[in-house]
Structures are given as C-alpha cells and as structure tokens.
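Here's a walk through a ligand site and some aromatic contacts. Have the viewer open and follow along.

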Amino acid sequence: VQVDGETATNINQRVSRFSAVVCDGQRTQSETARYLMLNKPAGVVSATIDEQHDTVIDLLEQPWRHQLHLVGRLDFNTTGLVLLTNDGRWSRQLSLPESKLTKRYKVRVQKPLSQRYVDAFQRGVYFEYEGITTRPAQLKIRGEFEADVGLVEGRYHQIKRMFGQFHNKVLSIHRFAMGSLTLDPDLEAGQSRLLTPTELQALSMETP
Ligand code: URA
C-alpha cells in the first residue's frame, strides 16, 4: 500500500480524503484538495446555486467547480475576497469562532464618520434581533466617508447593521483580507486563482 507515493509501514498512518492511496497498484482514492481565492463582483450571489442570479461558482471555468463550497458569504452587492474549497475540514476550521480570523473590509458610508464610531465598534454593538453584542471590531477612519473595518465574526449584514445604529447608510463594502491572506491585486472582479502553498500554510497557522 502506498500513501502519497510512499510505502505505508505504520498502522497509525493518517490518511485523509485527499491522500493518494494505491493498493496493489490500484488507485483507491484520488480526490484533489482545491483552495481558491476569488474577487467577487457586485451582483453575484455567495452560494452554489441560485435560480435568479449568477453565483460565485458560475464565475469559474474549472470542470470541478461544482465540488466547491464557500468559506463564509458576502452580501449580493459586497465585492472582494471570497474563499472556495472542496475541503470541508479546512473551511470549518477557518469558520470556527475560536480561529478569530480577522476579516477586513473597506467601507463607504453616506454620512461623515467620527471617533464615536470607533469607540462603539470597539465596545460592541447590540443586535436586538439576536440579543447579542458584537465582538470588539476595529474601525480605522480613512476619509470623511471611508473606513476600514475589521471583524472576527460574520453576523447577518453585520457591517450594515453596525453603521445602521448611527443611521448611516453603507454605500459599498469590499473585503480585502481574511487573516494574513490579502486579495491578490492582480485579480480583476470575477477572476480567481488557486491559493499558493505559502498562503495555505500561513492561514493554517492562524486557525486552532
Ligand atoms: N457585513 C455586511 O453587512 N455585508 C457583508 O457582505 C459583509 C459584512
């Protein structure tokens, strides 16, 4: 028996869904793990199937695209970094609250920003519907109407609702980073590429 090209000699050898296992010259499993980043355009659904609109999967061309699922979602009109994989263990790991992976967004709003927002985001904002207070979030003011927001969780419409407490309408949201992983500036909206081994390694160091 060979696992990933090496003869297996240890009864405790770990074998994953993606290990190449050959038994008496016969391949018994041959699934390849896929990890992609995509620059999501506005007007595309973060789902694998949708009856009305294009989904992020429809933007891909690979024959194996239908095996993929998303690591977290972005709203219909939110743009930027989306991760896709066929490795459920990896996506669960990244989504665990304990992983505290900071998702960073560039946000444009309708009314001027002030230090009050920074303090409120840091304290946490109460969401009546769920009866929860959001975890401390970083807000860096970049301009009168523009800020970077860093979140460690992903509640439904979280950024819009946080600014909603100030009756300040969010005009656009663009996710540019998840943990140490930043959106490749060479990817135009709608384009994707495989994560590099270095990017994968760095992400795995940030998860429990
Ligand atoms: N917060 C939102 O309101 N929308 C997103 O797409 C992401 C975070």
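A side-chain N or O atom of Asp75 comes to 2.7 Å from a nitrogen of the ligand, a polar contact in the sense of N or O atoms paired within 3.5 Å. On its own the ligand would expose 230 Å², and the protein buries 94% of that (Shrake-Rupley areas, 1.4 Å probe). Among the residues around the ligand are also Leu74, Tyr105, His157 and Ile173, counted when a heavy atom lies within 4 Å.

A word on ground rules: this is a predicted model, where local features need pLDDT of at least 70, side-chain atom pairs need 80 or more, and totals for chains, interfaces and linings use all residues. Numbering starts from 1 along each chain as its sequence is written, and side-chain values use heavy atoms, leaving out hydrogens and water.

Now the rings. There are 4 aromatic pairs, meaning Phe, Tyr or Trp (six-membered) ring centres within 6.5 Å, called stacked under 30 degrees between planes, edge-to-face over 60 and tilted otherwise. Tyr35 and Trp90 pair edge-to-face, at 4.7 Å and 70°. Elsewhere, ring pairs link Tyr117, Phe121, Phe163 and Phe166 into a cluster.

Note on methods
A polar contact is a pair of N or O atoms within 3.5 Å; within protein, one must be able to donate a hydrogen and the other to accept it, and residues adjacent in sequence count only if both atoms are side-chain atoms.
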